[in-house]
Amino acid sequence: MIVVNLDVMLAKRKMSVTELSQRVGITMANLSILKNGKSKAIRMSTLDAICAALQCQPGDVLEWRPDEAAQLDRPEPQPAPEVSAPAPKAPPKRRTSPKPVQPKAEDAAPAQPRQGRRKAQPAEPAPVRYLTVDTYGSRLNLRDIGSRNGNVVARLPSGARVELLETDGAWVHVRWEDKTGWALATYLKGL
């Protein structure tokens with residue numbers, strides 16, 4: 001694990017954290033995180049500025065120590081067996097790609113000749129959805145924009161069948177006979 005010895009270097013140089021913060025241009029909070037070993041990373045430019053301010057090497061600020069937990073998990077090293085003569089070296093193995101799995105005869109489709117690149121198929125048009133006006137006997141205003149402030153283009157009777165073009169929040173863009181416009185979605189069944 002990496003240990004940050006910033007407080008040791010500050011004590012050796014008789015410098016306060018505030019003074020280092022001002023010289024390096026790093027906030028007190030970030031310097032405190034670094035000093036307490038809570039930092040996950042340090043920029044090279046920050047480490048350079050700290051070393052310049054403290055007149056030290058990066059190894060004076062950062063130190064690697066073996067992790068105690070990792071030491072407990074490692075098995076004890078076993079002595080190497082004594083060998084009288086070196087074993088002959090085996091030729092290096094060639095990397096091979098895995099063999100493709102062949103389908104069973106009953107699962108295999110008849111082979112088709114390769115024809116180079118396929119032409120892009122045109123995308124299928126989205127299915128047309130129809131909605132029904134449900135205004136409990138009154139008429140539904142079809143407006144030129146999706147707002148109550150829009151001009152009324154047509155008045156749709158209850159039970160009229162309209163084609164859905166798009167939706168935008170509470171408003172639906174629809175086509176009815178030869179007119180298109182926006183209507184409130186709450187008065188349309190089939191959404």
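In which helix does Ser21 lie? Ser21 lies in helix H2, where helices (H or I, at least four residues) and strands (E, at least two) are DSSP runs, numbered from the N terminus.

A word on the ground rules. This is a predicted model, in which local features need pLDDT of at least 70 and side-chain atom pairs count only at pLDDT 80 or more, while totals for chains, interfaces and linings use all residues. Residues are numbered from 1 along each chain as its sequence is written, and side-chain values use heavy atoms, with hydrogens and water left out.

Back to Ser21. With a relative accessibility of 9%, Ser21 counts as buried (buried is under 20% relative accessible area, exposed over 50%, partly exposed in between, using a 1.4 Å probe and protein chains only). A polar atom of the Ser21 side chain sits 2.6 Å from the backbone oxygen of Ile26. Leaving aside residues up to four places away in sequence, Ser21 touches Ile26, Thr27, Met28 and Leu31; contact here means heavy atoms within 4.5 Å.

Now for the charges. Side chains of opposite charge can pair when their charged atoms come close. Searching the whole structure turns up four salt bridges, each defined as a side-chain nitrogen of Lys or Arg within 4 Å of a carboxyl oxygen of Asp or Glu. Here are some of them:

| Pair | N to O distance |
|---|---|
| Glu19 and Arg23 | 2.9 Å |
| Asp134 and Lys189 | 3.7 Å |
| Arg175 and Glu163 | 3.3 Å |

Glu19 is partly exposed, at 30% relative accessible area.

Arg175 is partly exposed, with a relative accessible area of 35%, whereas Glu163, at 19% relative accessibility, counts as buried.

Notes: Polar contact = N/O pair within 3.5 Å; in protein donor to acceptor, adjacent residues only side chain to side chain.
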